[in-house]
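Colleague: I am new to this structure and would like to go through it with you. Could you show it to me?

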Amino acid sequence: MYSRRMDHLPPYLFARIDEMKEEKQRQGVDVIDFGVGDPDLPTPPHIVEALCTAARDPENHHYPSYTGMLPYREAVADWYRTRFGVDLDAKEETLALIGSKEGIAHIAEAFVNPGEVVLAADPGYPVYKTSTLFAEGKIHEMPIRAENDFLPVLEDIPADVVKQAKLMFINYPNNPTAAIAPLSFFEEVVEFAREHNIVVVHDNAYSEITFDGYRAPSFLEADGAMEVGVEMHSLSKTYNMTGWRIGMACGNPEIIAGLGRVKTNIDSGAFNAIQHAAITALTGPQDCIAESCAVYRERRDVLVKGLSEIGLDVTAPKATFYVWAPVDDSMAFSAQLLDKAGIVATPGVGFGTNGEGFVRFAITRSIERINEAVERMRGIDL
């Protein structure tokens, strides 16, 4: 019944975690879920109100623009200018996405021919590999390891692989490791991409979830980045809008046009009312971001302290809402947490072979639930 392509498509990691969680709940277990990175904080009220107003307007009930409303793309360009100091042409260098995942999933189809290579960090967001699979390309995993600050070592990529490489996915602040990257790393990527004619896709969904005074850069801040790449961004994490499905691609106009051409043949654009709400998010008061980060910072500190006390060698991350904890066996550790303590944590190997030896905790649960989870962990032999 299914295509051969489906034989190579693994079960989506977080869908499988949901199944395991639901099975425990059917058994009557009170599960504490640190698995999927879905903010538990509500979307700010002024954004919700903007959606309600726009949804009542019949003009927004028609097919939306494939590329996104120009006022939304102008708001994106203004936000990039204010936040990163990056100047974008709203018409040519921005594109509305139905969440950044959608853009990531489709972009390889515009640039990768069957058999060509896509470079992607391992461990990494699973959709980088899925995108490559559907384009019938080949993944080359760039290991990211603690000894290299979870940054890929570009000179370690074999020369024959580089010759076949067409596209590279990078992601900082990083999911799942919570690592950060200096602007100098992005500049190194730009030079590498220029030399080898590689399209760079930077997934920057976590740039606003930062702590301790850290400011995450945009890839597009690096000199020459606009010549070689685009950045995928999202309102999901920044404004607690994961369910709204709205994001943006920004950068090189030819790359944007290629992705846009794929999108016009696949979807009909994001609902205009949601784009109006997104404009309100991007142009309205930004104190809601700092408020969310303050909540996550407190949770981070509580979880890191608790995990350290039970013997895990964890470091407090400067960005994202993830804690990347070293363990002996990621699958065994995660299974033990679920079976003996009713706690869901994501095994690092689910993000790639180089994720083995770690588990990821998403700090998207209340302080009370984090404290309860730590107490449950104290009661089992980890």
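Colleague: How many aromatic pairs does the structure hold?

Modeller: The model, which is predicted, holds 16 aromatic pairs. One of them joins Tyr 128 and Phe 169: the ring centres are 4.9 Å apart and the planes lie at 20 degrees, so this pair is stacked, the angle being under 30 degrees.

Colleague: Which parts of the chain does that pair link?

Modeller: The pair links distant parts of the chain, with Tyr 128 in helix α6 and Phe 169 in strand β5, 41 residues apart.

Colleague: Is Tyr 128 buried or exposed? And what about Phe 169?

Modeller: Tyr 128 has 2% relative accessibility and therefore counts as buried, the cut-off being under 20%. Phe 169, at 1%, counts as buried as well.

Colleague: Which residues link into a cluster through ring pairs?

Modeller: Phe 150, Trp 324, Phe 351 and Phe 358 are joined into a cluster by ring pairs.

Colleague: Back to helix α6, then. Why is it described as largely enclosed?

Modeller: Helix α6 spans residues 127-134, and six of its eight residues are buried, so the rest of the structure largely encloses it. Besides Tyr 128, the buried residues are Val 127, Thr 130, Ser 131, Thr 132 and Leu 133.

Colleague: What do those buried residues pack against?

Modeller: They pack against the helices α1 (4-7) and α5 (100-111), and against the strands β3 (117-122), β4 (138-143), β5 (165-170) and β6 (199-203).

Colleague: Which residue with a positive phi follows α6?

Modeller: That is Glu 136, with phi near 65 degrees.

Methods:
Residues are numbered from 1 along each chain as its sequence is written. This is a predicted model: local features need pLDDT of at least 70, side-chain atom pairs count only at pLDDT 80 or more; totals for chains, interfaces and linings use all residues. Side-chain values use heavy atoms; hydrogens and water are left out. Buried means under 20% relative accessible area, exposed over 50%, partly exposed in between (1.4 Å probe, protein chains only). Helices (H or I, at least four residues) and strands (E, at least two) are DSSP runs, numbered from the N terminus. Contact means heavy atoms within 4.5 Å. Rings of Phe, Tyr and Trp (its six-membered ring) pair if their centres lie within 6.5 Å; planes under 30 degrees apart count as stacked, over 60 as edge-to-face and the rest as tilted.
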